[in-house]
Amino acid sequence: MSRTIDEVNKKISNGEANIFTAEEIKDSIRNEENLSFEDVDVVTTGTCGIMSGTAAIFHIEVTDPGVFQKAKKVYLNGVPAFPGPCPNELLGSVDLIVYGTEHGIKNHQYGGGFLFKDILNGEKIDVEVEAVDGRKFEKQVTIEDFQRAQLLGTRMAFKNYTAFINPLDDVVNSIFNGIPTKGAFDQFTFSGCGELNPIQNNVSRTLIKEGTKILLNGAKGMVLGDGTRSSDLKPNLMLTADMLQMSGEYIGGFKTGAGPEVYDSIAIPLPILNEKIFEEVQILNSEIPLTIADIHGRHLPLSETTYGAVWDGHDERPTFNFNRFDEKINEGIKRACPTNAISENGTINLDKCFGCGLCVYLSKNGTYNMNIGSVDFDIDDRSFNVPITCRQSDIQRARKIAIKLKRLIGEGEFEL
Ligand code: SF4
């Protein structure tokens, strides 16, 4: 049995398409509802996590034309930007490339990811330009002043990822944990949205390829092709979209043991054209392997678990117990929160929260609570049980963007 993309689009425009999120498909399997190929026209998938290959291309006016020849150095809220490639000679404006992983020169806990969220949230951004003749110019801008902003992800939406532990007695600073990773076997950190992940639901890659339409941080965008270092074993995608159409809720900074990083949210629609494609979207967390690697050097696999062990049955957001709140202890937890979601009085800003779980691990006295789980695994003949201490993917944002895409398709605002 099969159907064409034109037939799917026709059903969508007639308001007759059966559109499901990947999560609804998985839930139907768990509930033994036995959906068949005939019942499903489109499945929307989603992922959200740290994506270090994120960069933004901006064009901003700084002075009147002719005031300086060209920019040598540029900073946005203290985050270094790369002027160019176009020098914009004597135009008073700058073309810039800003990395999501770039760290602020003064505030090392602020970086490109935080800057992108601030821009999209309409915050005032300090622009400092040093011209080639050494003169400096300053300006404050908001998103309204960006003539052009395009986000480019050189490697995004990885087909799930890796979990990390520290098997030694030292402490490792790494981007793979919100804090330095203590050993031995004290912390378990992982990335990947498991059964919701786009590529995981189309492992044959018959649908997700160059030109595929997507939602990137809420904006309509497209797949440019495979991402850098993409391989059959570890595929990822190069993506782009107009940043001015994005929403700040889907993108932001995430502090790690090695400085601030950037997270993004992506949704990709899968038209269910044949039985094989329908079979692929039925994979469950419990069937998706998750390699556990040594955080030293990151490539040494030590053991394996599944995404079922890290996601299924666990809470997605922490709760705050005011009765256990201690101002002094909380200061450190507030500082460690990767997305700055914890306030002075201990309450959690749930719009900023990533559900990473670090506050739960750090508040030994139960100020923050969440069933985040622990993972059993073997290395050689030894068995371990290590608590999950930092999730670097956010299942709530992944779900939310997949639902948004389902809605847009259903309303005829997103053609496949
Ligand atoms: S789970 Fe806790 S530490 Fe993590 S982002 Fe939310 S409030 Fe911050």
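What follows is a set of questions and answers on this structure.

Modeller: This is a predicted model, where local features need pLDDT of at least 70, side-chain atom pairs count only at pLDDT 80 or more, and totals for chains, interfaces and linings use all residues. Residues are numbered from 1 along each chain as its sequence is written, and side-chain values use heavy atoms, with hydrogens and water left out.

Biologist: How many salt bridges does the structure hold?

Modeller: Side chains of opposite charge can pair when their charged atoms come close. A salt bridge here is a side-chain nitrogen of Lys or Arg within 4 Å of a carboxyl oxygen of Asp or Glu. By that rule the number of salt bridges is 17.

Biologist: Which residue forms a salt bridge with Asp41?

Modeller: Asp41 sits in the loop between helix 2 (22-30) and strand 2 (42-50), and its partner is in the segment before helix 1 (5-13), 38 residues apart. Helices (H or I, at least four residues) and strands (E, at least two) are DSSP runs, numbered from the N terminus. The closest N and O atoms are 3.3 Å apart, and the partner is Arg3.

Biologist: Are Asp41 and Arg3 buried or exposed?

Modeller: Buried means under 20% relative accessible area, exposed over 50%, and partly exposed in between (1.4 Å probe, protein chains only). On that scale, both Asp41 and Arg3 are buried.

Biologist: How many residues apart in sequence are the parts tied together by Glu195 and Arg30?

Modeller: The two side chains meet in a salt bridge at 2.7 Å, N to O. Glu195 lies in the loop between strand 13 and strand 14 (213-216), while Arg30 belongs to helix 2, so the separation in sequence is 165 residues.

Biologist: Why does Glu195 count as buried?

Modeller: The cut-off for buried is under 20% relative accessible area. Glu195 counts as buried because its relative accessible area is 4%.

Biologist: Which residue pairs with Glu316 in a salt bridge?

Modeller: Glu316 lies in the loop between helix 5 (307-311) and strand 21 (319-320), and its partner is in helix 8 (residues 395-410), 83 residues apart. Glu316 is partly exposed, with a relative accessible area of 21%. The closest N and O atoms are 2.6 Å apart, and the partner is Arg399.

Biologist: Is Ile60 buried or exposed?

Modeller: Ile60 is placed in strand 3 (residues 54-61). Beyond neighbours within four places in sequence, its contacts (heavy atoms within 4.5 Å) include Leu76, Val94 and Phe146. Its relative accessibility is 0%, so Ile60 is buried.

Biologist: What is the omega of the peptide bond from Gly84 to Pro85?

Modeller: Most residues other than glycine have a negative phi, and most peptide bonds are trans. Pro85 is in the loop between strand 5 (79-83) and strand 6 (93-99). The bond from Gly84 to Pro85 is cis, with omega near 10 degrees.

Biologist: What is the phi of Asn88?

Modeller: Asn88 is found in the loop between strand 5 and strand 6. Asn88 is buried, because its relative accessibility is 8%. Its phi is positive although the residue is not glycine, with a value near 50 degrees.

Biologist: Where is Glu249?

Modeller: Glu249 is partly exposed, at 32% relative accessible area. Leaving aside neighbours within four places in sequence, its contacts include Lys117 and Arg397. Glu249 is in the loop between strand 16 (237-242) and strand 17 (252-256).
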